[in-house]
Amino acid sequence: MKIKKPSDLTAKVAELRAGLSGKTRLQVSLGTCGIAAGGSPIAAALRKHIAEQGLEKKFEVVDVGCLGLCYCEPMVEVKSAKGKSIIYGHVSEEQIPAIVAAGASKTAEGLEALKTSLYYPEEQAKPKKKVVQTRIALRNSGRINPEKLEDYLLQDGYQALAKVLSDMKPAQVCDELVESGLRGRGGGGFPTGKKWQFAAAQPKGQKYIICNADEGDPGAFMDRAVLEGDPHAVLEAMAIGGYAIGSDTGLIYIRAEYPLAIARLKKAIEQATAAGLLGKNIFGSGFDFNIELKYGAGAFVCGEETALIHSIEGKRGEPTFKPPFPAVRGLWGKPTIVNNVETLANIPAIFRQGAAWFKSIGTPGSPGSKVFALAGKISNVGLVEVPMGIKLRDIIFELGGGIANGREFKAVQTGGPSGGCLTAKNLDTAIDYESLKALGSMMGSGGMIIMDEDTCMVNIARFFLEFTVDESCGKCTPCRIGNKRLFEILDKICAGQGTPEMLDQLEELGNVIKDTSLCGLGQTSPNPVLSTLKNFPEEYKAHIFEHRCPAAVCTSLLNYTINENCIGCGICARNCPVNCISGLPKTRHHIDQSKCIKCGACMRSCKFAAIDRK
Amino acid sequence: MTCCCEKTESALEKLSRLEPEKTASLNAFLDQLPIGKDVESNRAHLIVALHQAQGIFGYLPSEVQQIIAERLKLTRSEIYGVISFYSYFTDQPIGRFKINVCCGTACFVKGANLVVEQFSRELKIKEGETSADGRFFLGVLRCVGACSLAPVVMVNERVYGNVTPAMVSKIIADCKD
Ligand SMILES: Cc1cc2nc3c(=O)[nH]c(=O)nc-3n(C[C@H](O)[C@H](O)[C@H](O)COP(=O)(O)O)c2cc1C
Ligand code: FES
């Protein structure tokens, strides 16, 4: 059925509500993480079990996107029509009968349900507990079938677009967004409404709105979750943006590494177009809007908006100096808005609930919530969406479950290769754009890589610089050559060839690169070095003066040897991937240092503490 | 290269002779692109065309580059400039089993570099190379979005999670033609 006016949408939703089956839903997370962890066979086995037991009237199996609990995939959520829910993690096929038998009213025998604290401010008045996730951008992800428009419509989908097109003038749309205080979630934190106003103020004519789905920060995956779990929200927001600035064309620039997100977006665009929610004369308002996909091809710098625009134009993705800003001269020289996926995912909620509602969440300077991707040495790897202003400690220890394997927290890298590290003394910092900047880091896209005592901070800085050197487009000299020199210095330090002057050189060079680079890539790339240098000077010094890597990571500075505790059980020799451990049974073994790759497999396998690492 | 005493064969003729089916499907794709006289708007189709061509041929040999250049009315140097800029594109044939180790931050802090080294040792190729028998390609990627399974290795479409150096030989053994 084509939706031609707002009342058609209301009628359609009423029809869908009436047709709701009242069945208990068995929701299986099938995002990239869920599929990689084996979610598809679980979904298939659930379907088989339901069919075999003739339970189709009571249950339905629903493929959903990522709920963000990536650490416990494959995951099944049992949800009754009344909204009662039980979530199981690490589900195996054998557990399926018990899970189905227990249904949504009680936990399956012998299994444990996951404790989660998700709060949906659009649906509930107040959170039950103090520290909970606050889901706005991720509201639907993991709860609806992303491949079904009907599921999105049942969650008030496209209501915001209907309201905007029928009740608001373009200028009012921009004003409302300014009023909400929403800031860009892609890195810069620029007020989104202001950006829209700039583009709207440009003379009438062709304009574009681009969704930045390049998600370049390695270790951040919130944009992927939104695109895979709730693609229509992004389309709806882009249409609202198109109306606000006077553009009839939206483009989504998405990285080729996200095939599933691409497939789901394609499907969503087809569905929305078929339903009349995209295309000509949307909701009978006279407003036309179409969306196209454009693919990235593996270049981090293409996440930067001017580089991204050049990439869409079919050129090398090199950035250009701003101003002029894309809002004035962007794609093909026309006024263009570039917005991040997560930024867009907030917009339908803002227009459904109003700017004042959005502002009531978060802090006055940074309203709303932010999604963080927790990865690295943390127990609960996954996504958390929290109100701005939350303490780092709450994110890492309450929601993230603390450090994995009982190790000690050491630092967290925020902002990816452009950010810096925060340490134990920053745990009580209230997180927002300004506070992170003040600490020499940045919000970036919201990636948080948690590091424990086994992570070497010099090695991490080297890793980020290697990334930057790889990804620098080469257009400006400080970034192209400066970062290369910075990398070489770090490489030498990690290899035990550091000299005392290098400490000053790192700092001086880093600051010059920051001050003189053309784009955000070079202007921020020394941050990981400068911030580890500031927070962990003793680690740099240990490498340089004592030729020692305190975290025992830098392989050039390490040796594995076998001590007298060895009883000759041979387990280390069997675990060694390069067969460099030899010895007769029941006699002390020996490691051939010329062949040893220092992987530590022997040490992990030894039950007698007979392996020393120095 | 062609010899000056023979009639020169165009890139299209050569490729049609060597790879008739693949060339036909590339041509079919190019035919449906709305290509016009304006070079700037033709350029907008370049990256899509390269994605498509690499999907068909597995890489972007110089004849393919030539055909695309002619169709979009761009120069070879412009095409090469774009191919060399984006890490996704390659002008060299790569192995049938594309082993890509994720070296995103989450995978790195969990020891992905040791996994790369182990593959490199066992396959006797360096990162970015293809083995002499044309079976294996070893590459690194930046975050495939499955950070909860770090370190992650992708072999073509298949994903392996929580990979340790000790698992490497098994992953290689899984690659059967
Ligand atoms: C080197 C570099 C890489 C960037 N990568 C991304 C990215 O992957 N995704 C993104 O949304 N923004 C990225 N940005 C920020 C964009 O330039 C731009 O500010 C953003 O897309 C604007 O959207 P927002 O205002 O909604 O955040 C990057 C910036 C720089 C300097
Ligand atoms: S860093 Fe490897 S999957 Fe994200």
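Modeller: Read along the sequence, chain B runs α-α-α-α-α-α-β-α-α-β-β-β-α. That makes nine helices and four strands. Both are DSSP runs numbered from the N terminus: helices (H or I) need at least four residues, strands (E) at least two. This is a predicted model: local features need pLDDT of at least 70, side-chain atom pairs count only at pLDDT 80 or more, and totals for chains, interfaces and linings use all residues. Residues are numbered from 1 along each chain as its sequence is written, chains are lettered from A and ligands numbered from 1 in the order in which they are written, and side-chain values use heavy atoms, leaving out hydrogens and water.

The C-alpha trace of chain B spans about 55 × 35 × 25 Å along its principal axes. Its accessible surface comes to about 8600 Å². Carbon and sulfur atoms hold 54% of that. Areas come from the Shrake-Rupley method with a 1.4 Å probe; for residues, only the protein chains shown count as cover. Of the 177 residues of chain B, 49% count as buried. Buried means under 20% relative accessible area, exposed over 50%, and partly exposed in between (1.4 Å probe, protein chains only). Take contacts in chain B between residues at least 6 apart in sequence: 61% join residues at least 24 apart. A contact here means heavy atoms within 4.5 Å.

Now zoom in on B:Gln65. B:Gln65 sits in helix H5 (residues 62-72) of chain B. B:Gln65 counts as buried because its relative accessible area is 3%. Its side chain reaches the backbone oxygen of B:Leu60 at 3.0 Å. Such a polar contact is a pair of N or O atoms within 3.5 Å; within protein, one must be able to donate a hydrogen and the other to accept it, and residues adjacent in sequence count only if both atoms are side-chain atoms. Not counting residues up to four places away in sequence, B:Gln65 touches B:Leu60, B:Arg76, B:Ile79, B:Tyr80, B:Ile83 and B:Asp91.

Next, the ligand site. Ligand 1 has 18 residues around it, each with a heavy atom within 4 Å. Those coming nearest are A:Gly186, A:Asn212, A:Gly216, A:Asn340 and A:Thr343. Strand E11 (336-340) and H20 of chain A each supply at least two residues of the shell. E11(A) gives the largest share, three residues. By class, the shell has three nonpolar, nine polar and six charged residues. Polar side-chain atoms of A:Lys195 and A:Asn339 each lie 3.0 Å from an oxygen atom of ligand 1. A polar backbone atom of A:Val338 is 3.4 Å from a ligand 1 oxygen atom. Taken alone, ligand 1 exposes 610 Å², and the protein buries 88% of that.

Last, the cysteines. The structure holds zero disulfides over all chains, a disulfide being a pair of cysteine sulfur atoms within 2.5 Å. A:Cys421 has its closest cysteine sulfur in A:Cys456, 12 Å away, so the two are too far apart for a bond. A:Cys421 is buried, at 1% relative accessibility. B:Cys102 is buried at 3%. A:Cys519 is buried too, at 10%. A:Cys519 lies in the loop between helix H19 (501-516) and helix H20 (520-524) of chain A. Leaving aside neighbours within four places in sequence, A:Cys519 is in contact with A:Val301 and A:Pro319.

Terms used: Nonpolar A, V, L, I, M, F, W, Y, C, P; charged D, E, K, R; others polar.
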